[in-house]
Each structure stands twice: as C-alpha cells, then as structure tokens.
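Please keep the sequence and the structure in view while reading.

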Amino acid sequence: MKLSIGIVGLPNVGKSTLFNALLKKQVAFAANYPFATIEPNVGVVEVPDERLQVLSKLVNAQKIVPAIVEFYDIAGLVRGASQGEGLGNQFLSHIREVAAIVQVVRIFEDGDIIHVANKVDPKDDIETIKAELILADLSTLHKQREPKGKFTKDDEQRYGVVQKLKTELDKGLAARQVELSDEEIALIQDLHLLTLKPQFYLFNVSEKQLQSKSETEVKIREVLTTVGDGNALALYLCAKLENEIVAFSEDEQKEYLQQYDLTETGLNRLIKTAYATLGLISYLTAGEIEVRAWTIKKGELAPEAAGAIHTDFIKKFIKADIVPYKLFVDAGGWVKSREQGKVTMAGRDYEMQDGDVADFKIGA
C-alpha cells in the first residue's frame, strides 16, 4: 500500500522549510531505495522502524527495505484560491489522490517572516484553508450532472449523495463531517474530494515554544477547540530546527533534542502520525536476501496482507507462518522459533498484527 500525504497551508507558515527537511531526509535515504526521487514537489522518505535493523542483524540480511511515505507539497493557498487567487489552486489537483492531508499551521512569531495576513492567527489560518478546500470540493460537486435517459440505480444513488454533500458543504461542513455510509462513500470515491480525506494538523513552533511544552500544547488544543476540531490528531515541531538537524547522525540528533525534552525528531513523529491517521500497521518479512516492512490497513487478514507483496498471492494464499516480533527476536530467528513452538500457522481468517514477522506459503 502506498502511503501518500498532501501538505497544505498558507504561504510563509513553514511548508517549504518542512518540505526541504523532508527532501534532505530523502537524500539520506535515497541510496537504499531506487524510487526516492519522483518529481520536484514529491518527497519520498522511509517510515522509521527500529525493528528492521534488529532483524537484519539477526538473519544476516543483505539489505533493509523500509516502508515509505510520499509527501506532496503544493504552493501556499490564500483566501480566494478556489477562485484562482494565488498559485495554490493550480496545484490542488496534485493532492486529489493522496490518502490524507496534513495542514501546516504557523504559531511562531517572527518579524522577518511576514504572514500573508500581516498577523499570526492560527484560528483564522485554519478556517481559511478549510473554506478554500470546501469551495474546491463544491466546484467538483457542481460539475456532476443529474442522470438522464438510461441510467442505473447506482447512478441515481450517486447523484443523491452529491446533492446531500452540496447541501452540507454549503453550511461550512467538510465532507468527512457529513454522515455517510460506506456504500455512499464508495459511490463518490472517484471524485477525490479533498475534505473527505482524513486530515491532521502540524503546528510550526519556534524553538522557545518547543521548550515551553505544556504552554504550547494548551495553546494548540485551544485553537483546535475554537475551530470545532478539538479531537483532531495534531503534533508540533520547529521546521527550522528540523531542517538544521536532519543532516546530523542519529546519535547527534538524540543528544541535541534532549534539551527540548524530545526523544525523536519531528519528522519521525510526523510520519508516525500519518500512519495513525490512516489506521495503518506494518508487518515484517525477514530473510537472508532482505528484511522488509510492508504497510497494510489495520484489521487486514493474512491473504490481503500477502497481497501487499504481490496481488496474485491473495488468491494463491495457502497459509502463513507468523511470529510476533519480540518472540522472534527472543528466540533468535526462524529456526529457533519453530523449534520452540512459537510459530503460529495462520489460515485465511488470521488478522495481521503490527510487528508480525511473516512467511507466506503460496500455491502455484
């Protein structure tokens, strides 16, 4: 499964600085993954997973292949973007097919970095972006024509969902806030509505705000509550700092971050939050050729998980040998895991768990 995240925000909120940090992380990662460079506005970085290094040493793997996440950056949106103001609207099409959206919100003060509205007001910024994404979706919905002549029941139901969404979005609701059944969502999936996608927030703070952890977290939650999104997933980082330390070694990063009472970089937390937003987990394969993490939806059964390796494996699935990561490491690999009876022979109804080390048996 490809994990793709669209980055949106107003100009001068730190999107470019954040993306540059992601690109630097990509460069450091590129040697291990052949598809790391796609196009200028896409950064492909690895999903941090300390388990892979451990497994690699255990089985003497020739290479490690982590799961990846793609970040799509577009030009800053401004008020009126949905009507063509600024550059952002030209690039909204680039994020129509991403799995989720992260909105970068500025709460740092810096007189040298002018805010597009000449004031730092995170509440207003969030509402501006929300309004522009809703208006972009309304434009898409208004292009849908009522079915005439010969049409199917699905065509009729689909148009009903379109009308329902138009009514609710006109009230200022995002499509994900509208009560829709799974069947209704499936009918309009091809429209790639921006406000139907899962969304979380990334607040760009100053180094001083990074040190005032409690105060910063209270402020962020107050902002989200004020805009009616108090339960949304949110994290914060200092994009300027992330851009500076991404070139450090892992040990140097940890040492530097200790002064901010942080155990890992904001970029790593960003990727993990994206995983959580989409309800994703990773299972692992471990052999002499490679150790690899595979991204799947939480709740997927063994045959579907095998399909992440190759779609043919879904139909040809026979069984899977499964060992939870910790048990696998404690035993010392596949041979000892089998000798100690730690291997589960999983059938088609087995639900994969995060960190499962799997060996699939596939028929001809």
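## D137 in helix α4

D137 lies in helix α4, where helices (H or I, at least four residues) and strands (E, at least two) are DSSP runs numbered from the N terminus. With a relative accessibility of 0%, D137 counts as buried, a term that stands for under 20% relative accessible area, while exposed stands for over 50% and partly exposed for the range in between (1.4 Å probe, protein chains only). This is a predicted model, in which local features need pLDDT of at least 70 and side-chain atom pairs count only at pLDDT 80 or more, whereas totals for chains, interfaces and linings use all residues. Residues are numbered from 1 along each chain as its sequence is written, and side-chain values use heavy atoms, with hydrogens and water left out.

What does D137 touch beyond its neighbours within four places in sequence? Its contacts (heavy atoms within 4.5 Å) are R96, L169, L193, L194, T195 and L196. A polar atom of the D137 side chain lies 2.8 Å from the backbone nitrogen of L194.

## Helix α8 and its two faces

Helix α8 covers residues 213-226, 14 residues in total, and its first and last C-alpha atoms are 20 Å apart, close to the 20 Å expected at 1.5 Å a residue; the expected span is 1.5 Å times one less than the number of residues. The buried residues of α8 are T216, I220, V223 and L224. They cover an arc of only 95° around the axis and therefore sit on the same side of α8, the arc being that of the directions from the helix axis to the C-beta atoms.

The cover over these buried residues includes α4 (122-142), β6 (199-204), α7 (207-211) and β7 (234-237). On the face of α8 turned away from the buried side are the exposed residues S214, E215 and T225. Just after the helix, G228 adopts a positive phi of about 80°.

Among the buried residues are G266, R269, Y275 and L278.

L262 belongs to the loop between α10 (250-257) and α11 (266-278), and it counts as buried because its relative accessibility is 15%. Not counting residues up to four places away in sequence, L262 touches L210, L257 and R269. Although L262 and L210 are 52 residues apart along the chain, their C-alpha atoms are separated by 9.3 Å.

## Strand β10 and its partners

Strand β10 (residues 317-324) runs antiparallel to strand β12 (residues 356-362), with 7 bridges joining them; two strands pair if DSSP finds at least two bridges between them. In this pairing, F317 stands opposite I362 in β12. β10 also pairs in the antiparallel sense with strand β11 (residues 344-346), over 3 bridges, and here D321 stands opposite M345.

## The chain overall

The protein chain has 15 helices and 12 strands, and buried residues make up 48% of its 364 residues. Among contacts between residues at least 6 apart in sequence, 68% join residues at least 24 apart.

Notes
A polar contact is a pair of N or O atoms within 3.5 Å; within protein, one must be able to donate a hydrogen and the other to accept it, and residues adjacent in sequence count only if both atoms are side-chain atoms.
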